[in-house]
Structures are given as C-alpha cells and as structure tokens.
Amino acid sequence: MTELVATDPLPKPKRDIAPILLPITLALVTIPLIGSPSTWLTLTAASLAMGMMIFIMASGLTLVFGLMDVLNFGHGAFIAVGAYVATLVLAPFAASVQADSLWVNLAVLAPAALLSMAVSGALGLIVERVLILPVYGQHLKQILMTTGGLIVAEQTLYALWGPQIIPTPLPTSLRGSFIIGDVAIAKYRVLATLIGLVVFIAIQLVLNRTKLGLLIRAGVENREMVEALGYRIRRLFLGVFMTGSALAGLGGVMWALYREQVHASMSDELTVLIFIVVIIGGLGSIGGCFIGAILVAMVANYGGFLVPKLALVSNILLMVAILMWRPRGLYAVTSR
Amino acid sequence: MTDLLKLSGVHTHIGRYHILQGIDLAVTQGQTTMLLGRNGAGKTTTLRTIMGLWQASRGEISLAGERIESRATPDIARLGVGYVPESMAVFSDLTVKENLVLAARDGPLDDSQLEWIFGFFPALRRFWLSRAGSLSGGQKQMLSIARAIIEPRKLLLIDEPTKGLAPAIVMALIECLKEIKRKGATILLVEQNFFAARELGDNVLVMDNGTIVHRGDMAALASDVPLQERLLGLSLETHQ
C-alpha cells in the first residue's frame, strides 16, 4: 500500500479576530468623543444590554437563514407574541411583580418567560409546517408568505388584546441602578446582559460540543451533503425553527420589560434591526450575530448621544460600511 | 455474482432538461464499475439520481433487491450507500475530526477503522484538529473519501475523485481505492482519467447523451484503442 505523501504543511488555522476587535475599538474610540467616563460607561452598559436582547431575538433568525435558506420576514411576530403571552402571567400576578423580594419577582418572571418561549416555539412549528414548508427554495414566495403571516399575527393580537398599549412595569427588585462611584448602571440592563451571555454560551456549547450542533453547522454549509450522510435535515430544520421562534419569544419578553410596554406592532421597530444584525454578522453565524448585535446597539447608543440627527440612519450606515469591508458579513458561513 | 445495484429505464429531468434518457445498468457486488463518458453525458446526474438528490422521473432503481427510486436521500444513505461528490463537499467550517464524527452515523469513531484510513491518508491524522476549509484540494479529497468509508458501506458512489489533483496524489488515491476494493467494497466510480479507470475498473459503462452506449469489461475497453476513440474520443495512450 502506498502512503500518501502529504503536501506542504498547512499553517496553523488562524483565528479571525478582526470582527471581535471591532466593538472594542468602537468603544475605545468613543471615550474621548463622549468626554465623561461615567456617561460612556452608562452608554456602554446600555449598548451591551440592548445588544444582548437583539442577539437573543436575531440568533434564531440567522440559523434559519443559514440552515434553511428561508427568508422569514415574519420573525417579528414571534417577538410580539412572546411579549403578549408574558402579559398573561404578569398581569394577574401584578402584586408579585411589584413585591420587594427578588425571588418573588423571579417566581413570576421565569414562568412568564418560559410560557412565552413555549407558545412562540409552538407557533414556530405551525408557521414552519403551514407557511414555510410549501415554499422551501422559493424566496419570493417566502417573503410574501411570511410577511402575510406577520400581518395576520399583528391583527390577531389587535383583535385579542385591543389596540391600546399594555404597560409591563419592571419588577420592583429590577428597578433602579447599581451605583459605582458616579456611574449608574440599570439593574435590568445587567440582568439582560447576563441572560444574553448565557444564551450565547449555551448556543455555542450546543453548536461546538454536540453532534446536533455539528449537524446544524454542517447543514448551514451544505444541506445536501448532510442528507447524503444519512441525516434527515427536515427534522433539524423544524427543531431549529422552533428554537429560533422560542428565543424570539424570550427576546420579546425582555424587550417588553425593557420598554415597559407591549403593543401589537412592537416588532416593526425591531425587525429592521434584527435583519441588519443577521446580515452584518454573516448568514448562519452565531458569533457574527453576537458581534453584529453589539455593534448595532453601540452605534444606536453612542450615535444617539453624539449625533442624534444621524440616529435614524446610523445602523444602515454601519451595515453599508461592514458589507463594503466584508461583503458576506463579519463571519461568512454560507456561500449564499 | 449478484447485482447489488440495478437501474432500469431511468429518466431524470432537471427543470425542462431531459438529462437521463432511459438508463439501464447493473453494478455487481464486490466489483468496481467505471462510469465513463464525455462532459455532459449524464454521469454525475446518474450518481445523484441513485442517491436521491435528484428524483428519477421514470424507471426503477433497486439496491440489493429493494426499490429506492422514490426514497429520500437520508434513507438511501442509511441503506448503506456512501457518496463522494465531485465537489468533495467537505464541511469547511468543521475540523477533519468533526467531519468524520458526523460521517460515523452509527456511533463513535471506530479506532481500527480510523487507523486503517490514516494508513492511506496520514495527512488526515496530522490535520485532525484543523478546519477542513484550510486543507489543500488533495487533502479535501482524502477527507471526502474517508468520510464515505469511515463505516462499512454496501455501495460507494464516487464522482471523479482524481479531478484537479496532482499526479502523485492521483497515484496514491488509486492505491487507496484498490485497497478499499480488496476489502470487498462495491464501487460505482465516475472517472474522466482513463488511466485511473483502467487501474481500478472491473467493468465499464460508457454514457453519451443520457444513455448507456457501451457496457463490458474494463480490460477489454483498455486494450481496444479504436473503441476508446469511438466511445470517448480519446485513447489510453494519450493518457499514460
């Protein structure tokens, strides 16, 4: 038997850290521009919290894009549904929400979040089977179907809850700020950042340490070959779609508490941000999505403080700049 | 000798194009059957149709007596068919190890099988934890073949494994495929490299315009220069 002579040794695989340095650089560059260190820290904490919430909402969408090649313009519906479902738990237990004890607050918040995730995930199952399944591989029809689904979902929420804004006050123990010197960091933002990090680490562990994760990563890159290896990727599609929907529901609850209100069109303002994050990050890349979400939140917060007039277009400008640098996003996973 | 794979009157349409126009072929158990033909003759489409990646619009495909033409690709793979596509299709974001872990569908990697594979492809051991995307073309082909043989398969469908590879790598690949063959594997191998085809093939099928235009012994075709020129527009001498 002839042994293959390996060709020249490969260089060690390089870790692409340029995208990771981007938010760090942006944060450092804004220190002298903002001037006050305490304001900068407050804005940075706000950026991290907002970024984590956007990441939670966008992470499912990027996997759905990458793995299933589905343009789900209705992703925002899961956010709104998640937020509304949470009010079903939060409203009857308003007294517990307003109690002084953190544990009592969490005893209401946790079931609210879990119920929202369950309902959004179940809605994801229905949407995938009814709206997406007939139009796999047909982008135009996917846009039409999912946009239609979003409109139906919004109108259903109007019909069930009415057009009024529903207040979702923060639990008492999550109100206020941690004061460190002359820096005030809102407690809820700390919690949101921690939850976002936990979700990010959990997704990374699943993707990198389990066979299921390997299948998802491989499927994002080449669905056909995964099937040729004997794996039924349709089931994987459904699982990822439901998980993505459930995460969007969780993000909806967190956003509702962040804004302290829920309304049927709340997803409209978020959908654009989420799509920008997914495109900036690179379709199918969780790491790219994470960095993209932080960048979008930083640009919104720092930009809103420094150049308020640019706030409306700042994220579009960010997307254009990043796509000029890396046309397939920060971390290109798929060839699409 | 029994036929492991049989295609009878198989037609495949891709969009409005009628690619396979009534393919009849048989692959004998334990033998290597070469599928030759000019570019665009329908060789890759034949493999993809067997694999269920493109649906046969008419005809029958059976594997070990079981009809598979309307089965989904994962089900066909689970019947014991390994597929090495022309594009190699390694998962470039995954490491070499992860590519093989995924291919070992039925459980953890078998150490003795792995050592056997490392015997052919030592580069895979060296780059075990490297991303497959950073491998050279030859190494990717090694990984693609290793993925197909990491667990015993009834049938291997291999599409142009020597395409674009350096001569030294081609020779090594031929030796590797010979060894796989010696272990009793049944192989349907698409190949443009006539030298490789002669070295590996027991039987040969030649395709043109979506049909089989010749079937017979590989050795007979290899020794018949006028027939090679008529069927393939080339002769073995020009490929030595």
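Student: Which residues of α8(A) meet α10(A)?
Tutor: This is a predicted model, and in it A:L215, A:I216 and A:G219 of α8(A) meet A:I233, A:L236 and A:V240 of α10(A). By class, that contact has 5 nonpolar residues and 1 polar residue, with no charged residues.
Student: And at what angle do the two helices pack?
Tutor: Helix α8 (residues 211-221) of chain A and helix α10 (residues 233-259) of chain A pack at about 100 degrees, and their axes are 11 Å apart. Angles of 65 to 115 degrees count as roughly perpendicular, so α8(A) is roughly perpendicular to α10(A).
Student: Switching to chain B, what domains is it divided into?
Tutor: Chain B is divided into domain 1, covering 3-80 + 155-239, and domain 2, covering 92-152. Taken over C-alpha atoms, the centres of these two domains of chain B are separated by 24 Å.
Student: How many residues does each side bring to the contact?
Tutor: Domain 1 of chain B gives 10 residues and domain 2 of chain B gives 7 residues. On the domain 1 side, the largest share, 5 residues, comes from helix α7 (residues 167-182) of chain B. The residues of that domain 1 side divide into 8 nonpolar, 1 polar and 1 charged.
Student: One more: is B:F120 buried or exposed?
Tutor: B:F120, which has its place in helix α4 (residues 111-120) of chain B, counts as buried because it has 23 C-beta neighbours inside 10 Å, and the cut-off for buried is 20 or more.
Student: How far apart are B:F120 and B:L157?
Tutor: In sequence B:F120 and B:L157 are 37 residues apart, and in space they are 19 Å apart, C-alpha to C-alpha.

Methods. Residues are numbered from 1 along each chain as its sequence is written. Chains are lettered from A and ligands numbered from 1 in the order in which they are written. This is a predicted model: local features need pLDDT of at least 70, side-chain atom pairs count only at pLDDT 80 or more; totals for chains, interfaces and linings use all residues. Axes are lines fitted to C-alpha atoms, for helices over the stretch in contact, and angles run from 0 to 180 degrees between N-to-C directions. Helices (H or I, at least four residues) and strands (E, at least two) are DSSP runs, numbered from the N terminus. Angles under 35 degrees count as roughly parallel, over 145 as roughly antiparallel, 65 to 115 as roughly perpendicular and the rest as oblique. Two residues are in contact if their C-beta atoms, placed from the backbone, lie within 7 Å. Ala, Val, Leu, Ile, Met, Phe, Trp, Tyr, Cys and Pro count as nonpolar, Asp, Glu, Lys and Arg as charged, and the others, Gly among them, as polar. A residue is buried if 20 or more other C-beta atoms lie within 10 Å of its own, exposed if 12 or fewer, and partly exposed in between; C-beta atoms are placed from the backbone. Domain bounds come from an automatic or database domain assignment.
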